[in-house]
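The chain and its model come first, and the notes follow by topic.

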Amino acid sequence: MPVVPYLQNVDGGGQVPLRGITPALPPFTASSILPTSPTYPLAAVYLQTHNAVPTFAPDASSLEDPRPTIDIPIEHSSHDTAAGQVPASFVSVGGPLNDSDIQMKVPKPAIAAAGTLLCLFSFSQLYQKVLFSRITPGSERAEEESWVSSSNSWLDRSVCNWFGICGIAHLNKAGWTGPKLKSKYRKQEKPLSLGAGQIDKIDLKAFWSDVANYTNPYDWSTEERRLREIPKYVLDHAPYVHLYSGEEFWPCDIAEHLIHTTPHLNYTPLQATSDHPNLTNLDELNEWGRFVYLQSDDNVEDRPEWLGGEINIPDVPDDSDSNNNWANWDDKSDGKFTKGKKVDTDAEAWWDAGIGDTKDKGGIRPAPTTSPPAIPTDTAEGEELVEDYQIWQPELLRRRMGKQVVGGRSDAPAVLIVIDKGEGVVDAFWFFFYSYNLGNAVFNVRFGNHVGDWEHTVVRFHHGEPKAVFFSEHSFGEAYTFDAIEKIGNRPVGYSATGTHAMYATPGTHPYVLPGGILHDVTDRGPLWDPLLNVYAFTYDYQTDILRASNVTPDAPTGWFYFMGHWGDKFYPLSDPRQYRFLGQYHYVNGPLGPRFKNLGRKEICQGNGECLLKSWTGPKRWTSRVKRFRGVGEGEEMSEEDVRRFVGPEQETTS
């Protein structure tokens with residue numbers, strides 16, 4: 001029987017023999033075409049379609065025809081396949097495919113799902129058994145159960161406990177702000193401004209005068225005058241600070257900070273919001289223990305004006321002539337650049353000064369318990385910023401014109417604390433306060449925000465000569481010889497990073513913690529701040545823990561210094577829409593402790609108690625292009641156990 005090709009009607013009709021629509025061909029037989037080929041049984045050809053009601057040629061098996069069959073699929077524009085129909089991509093020779101053959105060629109979603117669940121379970125066990133205890137500080141582990149349980153979502157609590165991913169739904173910024181400020185056009189990180197003409201400034205000078213404890217310097221004894229005197233060489237070498245040109249959270253006055261915050265015992269208010277402590281009686285809050293937090297009266301995500309400190313931007317100084325010749329200034333520091341060479345500090349009498357502070361204040365007696373020093377990695381630091389000389393760089397123009405460089409005055413006062421370490425060694429601590437710390441972002445997710453921020457720079461003197469400068473960076477910092485750093489006249493110059501306000505010796509990009517520059521600070525030659533123009537100065541005996549108002553500001557209050565609580569909010573609970581935590585890193589962490597707990601009695605100039613590397617060079621240099629790793633970054637600040645025993649004594653361990 002000859003093979004008759006058919007034309008399939010895809011519109012639902014029958015099959016039409018091709019011979020009816022093609023030119024007539026002479027009759028032929030298979031033997032006339034292939035006379036020498038062996039004879040094979042002819043195959044019956046059937047056409048298979050993807051229509052919902054397929055049409056077939058008569059089934060060969062129903063005609064009891066022994067010849068083999070070939071099913072040839074015909075592709076159509078429709079992707080629908082009739083229920084129970086074998087996909088057209090399979091061709092059966094010698095008979096249709098059975099179910100086992102089809103099963104071997106399709107994906108196995110059950111196996112994929114089981115593999116995914118196994119991976120999630122393994123990571124969950126790793127996080128709960130190993131990672132959690134390593135990435136979560138002890139103070140936070142003690143509150144972990146109550147912190148997680150504060151969430152109203154069972155799913156959120158479970159994912160947090162199992163995988164360390166907490167509050168993922170809180171990444172939506174719409175829930176962070178008040179109803180009047182929700183807008184897609186609002187920039188989340190920038191504080192609101194009412195305009196220069198609408199700012200109602202508060203005269204805070206009265207808050208900085210402790211009339212009750214003031215004594216006239218003329219009535220001081222010779223010994224009292226010696227204890228309170230600020231040496232002239234300390235003021236002559238006061239640092240300048242370049243704030244970031246695009247900064248959104250400027251220096252603030254701690255007196256105003258107290259006006260906009262209310263003391264809380266953890267999350268419970270201790271006073272009415274209208275009853276604020278002041279700089280004289282702030283230490284009276286110590287009767288409530290160390291878990292006192294100065295919580296903002298405003299939602300900080302609403303960016304109230306006082307939080308940004310816009311009124312405290314340093315003034316642009318007037319142009320003036322000077323005998324100083326800056327025409328040849330080349331925008332580089334005048335220090336020595338010794339390639340990778342460490343200063344021989346053992347030969348310096350001023351390096352290991354005093355007996356060191358106690359561990360309760362960040363020192364080393366009897367043994368160090370604070371964060372270890374920075375550990376460099378081999379990751380490149382990154383490119384330097386291209387400086388944009390705009391209104392914030394007027395001093396650069398004056399330098400090139402041979403005129404005097406003058407820093408601007410900020411209405412936010414700096415705090416100077418001078419400490420005599422003995423043997424001619426004197427440390428001058430310059431503290432700078434900001435009401436808000438904007439943490440850095442990793443892949444557009446921000447971590448480490450907190451209310452209140454204390455930063456500092458230290459200049460160490462030996463017999464009146466400046467020897468070294470330390471710049472605080474997060475939980476540690478870097479030390480340089482005085483000759484190595486940039487100076488204006490005899491005064492060192494530091495750079496404050498945008499948002500975090502970490503201090504650096506150079507402008508540019510400064511990565512830390514994570515490789516590849518993912519997490520980094522940025523500094524530039526923004527407004528030049530002269531802290532000497534508005535400063536409250538004190539002397540401090542770190543061995544007796546006595547702070548005295550100095551001869552520079554003899555009526556300055558001292559009660560604020562002894563406050564042992566936190567200068568900002570406690571890290572928000574998981575129920576707060578502003579809070580989230582990924583692998584131990586919080587969006588909002590605890591506010592900082594005050595200057596009393598910054599290791600003021602340190603023997604070496606560095607803040608921590610590990611190895612202190614004194615550098616005789618500043619960047620950018622290839623051999624210094626390292627990522628600094630600081631343990632505890634993004635965790636907030638807590639008092640050590642030694643602090644607790646010394647300052648608090650036996651205390652109730654409740655933290656709720």
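A residue counts as buried if its relative accessible area is under 20%, and as exposed if that area is over 50%. The model is predicted. On this scale, 48% of the 656 residues of the protein are buried. Y436 has a relative accessibility of 0% and is therefore buried.

**Overall make-up**

- The protein has twelve helices and 27 strands.
- Its accessible surface is about 32,800 Å², and carbon and sulfur atoms account for 55% of that.
- When contacts between residues at least 6 apart in sequence are taken, 75% of them join residues at least 24 apart.

**Disulfides and other cysteines**

- A disulfide is a covalent bond between the sulfur atoms of two cysteines.
- Two disulfides turn up in a search of the whole structure.
- With bonded cysteines counted along the chain, the pattern is 1-2, 3-4.
- C160 is bonded to C166, with an S to S distance of 2.0 Å.
- The torsion about the S-S bond of C160 and C166 is about 70 degrees, so this disulfide is right-handed.
- Both C160 and C166 are buried.
- C606 is bonded to C612, with an S to S distance of 1.8 Å.
- The link of C606 and C612 is also right-handed, with 70 degrees about the S-S bond.
- C606 is buried because its relative accessible area is 2%, and C612 counts as buried because its relative accessibility is 4%.

**Around helix α6**

- Helix α6 spans residues 154–163, and D156, S158, C160 and F163 are buried within it.

**Aromatic pairs**

- A pair of aromatic rings is described by the distance of the centres and the angle of the planes.
- The count of aromatic pairs comes to 25.
- F249 and Y436 form a tilted pair, because their ring centres are 4.7 Å apart and their planes are at 45 degrees.
- F249 lies in the loop between β6 (240–242) and α9 (254–259), while Y436 is in strand β11 (residues 425–437), so the pair ties together parts that are 187 residues apart in sequence.
- F249 counts as buried, at 1% relative accessibility, and Y436 counts as buried, at 0%.
- W454 and W567 form an edge-to-face pair, because their planes are at 85 degrees and their ring centres are 5.6 Å apart.
- This second pair links distant parts of the chain, 113 residues apart: W454 is in strand β14 (residues 450–462), and W567 is in the loop between β24 (546–549) and β25 (581–582).
- W454 is buried with a relative accessible area of 5%, and W567 is buried with a relative accessible area of 0%.

**Aromatic cluster**

- Which residues form one aromatic cluster?
- They are F429, F431, F433, W454, F538, Y540, W560, F561, Y562, F563 and W567.
- Both members of the edge-to-face pair, W454 and W567, are thus listed in this cluster.

**Charged side chains**

- K487 lies over the face of F482, and its distance from the ring centre is 5.1 Å.
- R578 lies over the face of Y572, and its distance from the ring centre is 4.0 Å.
- K615 belongs to strand β27 (residues 614–615).
- K615 is buried or exposed, and on what value?
- K615 has a relative accessible area of 13%, which is under the 20% cut-off, so K615 is buried.
- The side chains of K615 and E478 are joined by a polar contact of 2.4 Å.

Terms used
Residues numbered from 1 in each chain as written. Predicted model: local features only at pLDDT ≥ 70, side-chain atom pairs only at ≥ 80, totals over all residues. Heavy atoms only, no water. Disulfide = S-S within 2.5 Å. Buried < 20%, exposed > 50% of the residue type's maximum accessible area, 1.4 Å probe, protein only. Phe/Tyr/Trp six-rings, centres within 6.5 Å; stacked < 30°, edge-to-face > 60°. Helix = DSSP H or I, 4+ residues; strand = E, 2+ residues; numbered from the N terminus. Lys NZ or Arg CZ within 6 Å of the ring centre and 35° of its normal. Contact = heavy atoms within 4.5 Å. Areas by Shrake-Rupley, 256 points an atom, 1.4 Å probe, with all protein chains shown as cover. Polar contact = N/O pair within 3.5 Å; in protein donor to acceptor, adjacent residues only side chain to side chain.
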